[in-house]
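This report goes through selected side-chain and packing features of one model. The sequence and structure come first, and the notes follow.

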Amino acid sequence: MRIVILGAGKVGTHLAKMLRGEGNDITIIDNDAERLSKISSVLDVRVVEGSPSSTKILGKAGVGKADLFIAVYPSTLQETNIVGALLAKRMGAAKVIARVNDEEYLSPDNRLMFNELGIELLFYPEKIAAGEIVAQLKRTTTSETMDFAHGELQVSVFGLDENSPLLDLKLSEFVAKLSKEELEQFRIIALSRGNNTIIPGPDTVFQYNDLVFTFSRAEGVDLLVKYFGQSTLQVGKVMIVGGNAIAAMLAAELHAQEIDVKLIELNRERCLELTEKLDDDIEIVNGDGRNSDLLFEEGITDCDAFVALTGSDEINVLSCVVARKLGVPRTVAEVENTEYIRLAEEMGISSVINKKLLTASNIYRFTLGGKARFVKYMRGTNAELIEFTVTADSQVTKKPLKDISFPSGAIIGGVVRGDRSFIAVGDTQLMAGDHVAVFSLPDSIKAVDKLFR
C-alpha cells in the first residue's frame, strides 16, 4: 500500500513506524530537515522536504498515486492539515484523513461537509484520549474492559497481583475448574509478560504481574471478575491533575454524566481560562498536583478515581502512585513515551492513556481495505484487536477454525452472528456476515487480513 504522511512530528513518526512494519511503501513530507533526518535514520521510508501546502512538493511525494494520505503536520494551525488533505484528494489520493485540534470541526455538519469535499476522516487525538478515559471510568470493574461489536462481546485486561487465584496455575488446570456453561462465557486469548505477548497453550502458567487478555459475552464479565479476584466500582467523584485540552474535555464530559469533578492546574492563567470555559459546578484549583499535602487537603481520599494529565509522563505516573497509596481505587495516567507504559502498569496504575496509540487505532483500519470496522490497541502489548466482517468468498468460511491455517500470532476470540454472540472454538465455522473479533500480533496481521479477503 502506498501511504503518504504529511508531518514528521510525534504522531507522524509513530504512524510511520507502525505502518512501515506492515510492509507498506511510506513517504513523509515535512519542511523541517532535522525532523526528516531523524526519522530517516531509524526507518526505511522516503522523505520529501518542503512546504506542506505546496502542490509541487505533494506531487514530488507521489500523492496522486497514494492509496492513503494522512495529514498530521505538527503545527498549531490545523488548516495546514486540512489544506494538505484537500489538495491530496484533488491530486488523486484514494483516501485522505486529517488531524484537527478544534472540536468545532467534528460537529456532524462539519464532518459531512468535509466528507463531501473528499476527506474521509477528521480526528482530534486529544478528544479521542478524553473519550477513552471516560469509557474506562464508566466500567464497573477495576480492570480495563471495552465493548466490542456494539456491546455483544467484551474484551478485558486483568492484571495478576499477589492475591490472584490464578497464580501458578496452568491454563489447562484453570479450564478444568470451569463448567461447560462457564466455558461458553469467555476465552483467555493472550498474556502480556514483560515485553512479550504470548498466545497461551494448555501448559502456559499464570505468573505474578501477567496481564491476561480475555474475550467474553457481555453476561460473562461478572464471572471473569470473580475468577480473577477483581472488584467492582461505580465512579461518582473524580480528581484531575493537569489542565490541558484532554483534561478540559474530560471534565466537561464527566460533569455531563453527573460525576463530581475537581481539576487541579499549576498555571494560574490556564486556571482562569478553564473557569471561563467549563461549567461553574466543576471546581478549578490553582495548585501543584505533585504535592501530596495539597491532594489530601482537596479531598483525594474521597475520590473514586484520579486522572493525571500534566504533560509530564514522570509526574503523571508518580502522582497516580501517590493517589493509590492514599486509597484511590482507580487511577489513569497519560503516558506519551511508549517505553514507560509497561512500567506504569507494573506500578499499579489502573489505565494508561497514550494519544499516539489511540490515534493509530483510529487510522489503522484504513489500511485494511475497508474490511475492518474497528481496530484497537490494548494496554501492555503491541498486539491489536480487530473486528472483521466476513464476506461470502472469505477463506475463513471454507472450513471449521481448527482446520484453517490461522497464524500462530493471532487468535479469534468471539463471533457475533445476527442477534447471537458466542465464543469461538475449534469447531466454529464462520459464515458470511459474521462479525469476528481477532487479537493479532503485528507480524501476523497481513496473514489474517488475507484470510478475510
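## A charge over a ring

The charged end of R35 is placed over the ring of Y73, at 6.0 Å from the ring centre. The model is a predicted one.

## Aromatic pairs

Five aromatic pairs occur in the structure. In one of them, the ring centres of F388 and F452 are 4.5 Å apart and the planes meet at 10°, so the pair is stacked. F388 belongs to strand β19 (residues 384-389), while F452 is in the segment after α16 (445-451); the pair therefore ties together parts that are 64 residues apart in sequence. Both F388 and F452 are buried.

F174, F186 and F206 make up one aromatic cluster.

## Packing of α6 against α15

Helix α6 (residues 125-138) packs with helix α15 (residues 355-364) at an angle of about 100°, and their axes are 9 Å apart. Angles of 65 to 115 degrees count as roughly perpendicular, so α6 and α15 are roughly perpendicular to each other.

On the α6 side, the contact is made by P125, E126, I128, A129 and E132. The α15 side contributes K355, L358, T359 and N362. By type, the residues of this contact divide into four nonpolar, two polar and three charged.

## Strand β16 and E334

E334 is a residue of strand β16 (residues 330-334). Is E334 buried or exposed? Its relative accessibility is 4%, so E334 counts as buried.

Apart from neighbours within four places in sequence, E334 is in contact with N244, I246, A308, L309, D313, N316, I353 and K355. K355 is also one of the α15 residues in the contact with α6.

## Helix α1

Of the 11 residues of helix α1 (residues 10-20), eight are buried, so the helix is largely enclosed by the rest of the structure. The buried residues of α1 are V11, G12, T13, H14, L15, A16, M18 and L19.

## N110 in helix α5

N110 lies in helix α5 (residues 108-117). The relative accessible area of N110 is 19%. Buried means under 20%, so N110 is buried.

When neighbours within four places in sequence are left aside, N110 is in contact with E104 and Y105. N110 and L122 are 12 residues apart along the chain, and their C-alpha atoms are separated by 9.8 Å.

Technical notes: Residues are numbered from 1 along each chain as its sequence is written. This is a predicted model: local features need pLDDT of at least 70, side-chain atom pairs count only at pLDDT 80 or more; totals for chains, interfaces and linings use all residues. Side-chain values use heavy atoms; hydrogens and water are left out. Helices (H or I, at least four residues) and strands (E, at least two) are DSSP runs, numbered from the N terminus. Buried means under 20% relative accessible area, exposed over 50%, partly exposed in between (1.4 Å probe, protein chains only). Contact means heavy atoms within 4.5 Å. Axes are lines fitted to C-alpha atoms, for helices over the stretch in contact, and angles run from 0 to 180 degrees between N-to-C directions. Angles under 35 degrees count as roughly parallel, over 145 as roughly antiparallel, 65 to 115 as roughly perpendicular and the rest as oblique. Ala, Val, Leu, Ile, Met, Phe, Trp, Tyr, Cys and Pro count as nonpolar, Asp, Glu, Lys and Arg as charged, and the others, Gly among them, as polar. Rings of Phe, Tyr and Trp (its six-membered ring) pair if their centres lie within 6.5 Å; planes under 30 degrees apart count as stacked, over 60 as edge-to-face and the rest as tilted. A charge sits over a ring if NZ of Lys or CZ of Arg is within 6 Å of the ring centre and within 35 degrees of the ring normal.
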